[in-house]
Amino acid sequence: MPYAEPLPPHEISLRLAELPGWEVVPGPGDAATLRRTYHLPHLPAAIFALHIAGIQAELDHHSDLTLGYDTLSVSVTTHAAGGRLTPKDFALATRIHSVAPAHSAT
Ligand SMILES: C[C@H](O)[C@H](O)[C@H]1CNC2=NC(N)=NC(=O)C2=N1
């Protein structure tokens with residue numbers, strides 16, 4: 001399956017099952033975003049965001065990050081695929097998910 005091609009719905013379900021706490025939020029048509037809100041205090045959340053930015057530079061794939069008072073929300077979709085979900089989105093989410101415990105992000 002090409003890396004930046006949209007995933008079929010059954011593939012999305014299988015991959016989402018490996019990412020506890022993440023959800024797929026449908027958009028118009030086939031568009032969707034992969035999202036999670038992490039909970040941690042503000043300054044550690046900013047440091048987590050910086051770590052995520054480094055991962056994104058490495059993967060050349062970028063989420064929208066929203067820094068709140070005690071939350072960091074991550075939202076990712078593939079613009080180049082018309083806002084549909086591709087393996088790139090799940091690769092980024094998996095990396096973020098794997099470093100979250102080091103930031104005590106829940
Ligand atoms: C040239 C470069 O690979 C593209 O612009 C990348 C960069 N990061 C990206 N990030 C996301 N989320 N979607 C994209 O389509 C995308 N495209």
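The model is predicted: local features need pLDDT of at least 70, side-chain atom pairs count only at pLDDT 80 or more, and totals for chains, interfaces and linings use all residues. Residues are numbered from 1 along each chain as its sequence is written. Helices (H or I, at least four residues) and strands (E, at least two) are DSSP runs, numbered from the N terminus.

**Helix H2**

- Helix H2 comprises 18 residues (42–59), and its end C-alpha atoms lie 25 Å apart, in agreement with the 26 Å that it should span at 1.5 Å a residue; the expected span is 1.5 Å times one less than the number of residues.
- Ala45, Phe48 and Ile52 of H2 are buried. A residue is buried if 20 or more other C-beta atoms lie within 10 Å of its own, exposed if 12 or fewer, and partly exposed in between, with C-beta atoms placed from the backbone.
- Seen down the axis of H2, the buried residues fall within an arc of 60 degrees, so they line one face of the helix; the arc is that of the directions from the helix axis to the C-beta atoms.
- An α-helix has 3.6 residues a turn, so residues three or four places apart point the same way.
- The exposed residues, on the other side of H2, are Leu43, Ile47, Leu50, Gly54, Ala57 and Glu58.
- Cover for the buried residues of H2 includes strands E2 (32–39), E3 (64–67) and E4 (71–76) and helix H3 (87–99).
- Asp60, which follows H2, has a positive phi near 55 degrees.

**Helix H3**

- The 13 residues of H3 reach 19 Å from first to last C-alpha, close to the expected 18 Å.
- Lys88, Asp89, Phe90, Leu92, Ala93 and Ile96 of H3 are buried, and the buried residues of this helix pack against helix H1 (9–16), E2, H2 and E4.
- Pro87 lies in H3 and is partly exposed, with 18 other C-beta atoms within 10 Å.

**Ligand shell**

- Asp60, His61, His62, Val76, Thr78, His79 and Ala80 surround the ligand, each with its C-beta atom, placed from the backbone, within 6 Å of it.

Key
Contact = placed C-beta atoms within 7 Å.
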